[in-house]
Amino acid sequence: MVRAGQSNLGRNMFLITVARALEEFTHCYTLLPSSIMDPSTLRQKFKRFRILIIGRANAGKTTILQRVCKTRENPEIYNSAGEKIDPAVLIASRERGVHDIENEMVFRNNPGFVFHDSRGFEAGGNSEFDSVKAFIARRSKKLSPLSDRIHAIWYCIPMDEDGRSFTEGEVKFFSQCDTGSIPVIVLFTKFDALYDDEFAELIRKGVSRKDAEALAPQHAKEAFASGPQLKLLYNRKGNQRPPRCHICLPDMDKDNAECGPLIERTAETLDDETLKQMFVSTQRTNLEVCMGYAVEMSLARYLDSTQTISSRIFGKSNREIVNNLSVWFPRASVRSTSDDLCQYADLRHC
């Protein structure tokens, strides 16, 4: 990412890194799709990426959002009018069983994400399900401003002892709730709970504790891949609206928890290139995702088989190139000069 006020060396290193990554791509690329938005207008069109997160109590939803936003703090809550809600009022509402899906959750560490929380459908009742269904219908209409729509849905299903079977409400959601073009990604949270089962089974078979501990995660993944949860989730006979994909998230409560795979899969499911740009540039946990899309989707358009990468990049269109790269990075503010760019020829072998 290139920021205003950053040193010449910093800007040069950014260009060097991108160019080196590009040189690893030896196959041909086509021009950018016409749907790629100009970086100067991307954040004018909409400033925040909006996600609906659904899941029963204790599914680990807040922990996941904290990891995505790289914070330990709780989110600030705003009502539909944009007014901040006092935490004491929220606690009192929860105690009365009142929940408003229209409320917006925003983490100060990354206000580019807006989250809406659904409590899930633990009792299988119609009230919460109908509320979520109506909310998705309202927030998926093409006539609505892009900034007000739901851009992705994360559905959390915990894999700890009490939550391995789908609830009636979860089955109902995937069989009856029309999410339109909004991609749904299922997050199997607390997946490390399955490691304990496999560890115990390996010990029972005579495997040493050290080896059992090392083998348990892979055994759990293999057993889960052929287990009942995925069969039910992707069975189109009883499930008319399967998710785009799923991801298993273990150990999210640990300090070194990694949410990179969630970022990657979510970006992959976004068909609209403008939304893909917005999501990739909003997240701040996976720089490799930013680099990958910058190279594949933006820098590739400037390749010419008759020219070297260096000569093409450092031609008269250098400002356009850098601006189009910056759209994939978090809030990049680019300042470049011909002298800055031309120094690449001297620094690229450093």
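Trainee: What is the make-up of the protein in helices and strands?
Mentor: The protein has 16 helices and seven strands. Of its 350 residues, 48% count as buried. Among contacts between residues at least 6 apart in sequence, 74% join residues at least 24 apart.

Trainee: Over residues 332–350, what does pLDDT do?
Mentor: There pLDDT stays under 50, although the model has 38 contacts beyond four places in sequence for that stretch. Residues 1–7 also stay under 50, with 18 such contacts. Where pLDDT is low, the predicted coordinates should not be read in detail.

Trainee: Why is E288 called exposed?
Mentor: Exposed means over 50% relative accessible area. E288 has 67% relative accessibility, so E288 counts as exposed. The residue is found in helix α12. Its C-alpha atom is separated by 9.2 Å from that of G260, 28 residues apart along the chain.

Trainee: Why is D251 called partly exposed?
Mentor: Buried stops under 20% and exposed begins over 50%. D251 has a relative accessible area of 22%, which lies between those limits, so D251 is partly exposed. D251 sits in the loop between β7 (245–249) and α10 (260–269).

Trainee: What makes the phi of D251 worth a remark?
Mentor: The phi of D251 is near 55°, a positive value in a residue other than glycine. Most residues other than glycine have a negative phi.

Trainee: Which residue with a positive phi follows α3?
Mentor: K70, with phi near 55°. K70 is in the loop between α3 (61–68) and β2 (76–78). At 53% relative accessibility against a limit of 50%, K70 counts as exposed.

Trainee: Why is α3 itself described as largely enclosed?
Mentor: Six of the eight residues of α3 are buried, so the helix is largely enclosed by the rest of the structure. The buried ones are K61, I64, L65, Q66, R67 and V68.

Trainee: What makes a set of residues a nonpolar core?
Mentor: The members must be buried, be of the listed nonpolar kinds, and be joined through side-chain atoms within 4.5 Å. The largest such core here has 48 residues, and those with the most contacts inside it are F49, F115, W154 and L187. Helix α12 (residues 287–298) supplies the largest share of this core, six residues. Apart from it lies another core, of 29 residues, among them F174, F188, L194 and A220. In soluble globular proteins, nonpolar side chains tend to be buried together.

Trainee: What is F115 in contact with?
Mentor: Leaving aside neighbours within four places in sequence, F115 is in contact with I51, L65, C69, N103, E104, M105, F107 and W154.

Trainee: Which residues of helix α6 are buried, and what do they pack against?
Mentor: In α6 (residues 168–176), the buried residues are G169, E170, K172, F173 and F174. They pack against β1 (49–55), α5 (126–138), β5 (152–158), β6 and α9 (228–234).

Trainee: Why are α7 and α8 called oblique to each other?
Mentor: The axes of α7 (residues 193–204) and α8 (residues 209–225) come within 7 Å and cross at roughly 125°. Roughly perpendicular ends at 115 degrees and roughly antiparallel begins over 145. The angle falls between those limits, and α7 and α8 are therefore oblique. The crossing is right-handed. Among the residues making the contact are L194, Y195 and F199 of α7 and A216, A220 and F224 of α8.

Note on methods: Residues numbered from 1 in each chain as written. Predicted model: local features only at pLDDT ≥ 70, side-chain atom pairs only at ≥ 80, totals over all residues. Heavy atoms only, no water. Buried < 20%, exposed > 50% of the residue type's maximum accessible area, 1.4 Å probe, protein only. Helix = DSSP H or I, 4+ residues; strand = E, 2+ residues; numbered from the N terminus. Contact = heavy atoms within 4.5 Å. pLDDT = per-residue confidence, 0-100. Axes fitted to C-alpha atoms, helices over the stretch in contact; angles between N-to-C directions. Parallel < 35°, antiparallel > 145°, perpendicular 65-115°, else oblique. Left-handed = near helix turned anticlockwise from the far one by under 90°.
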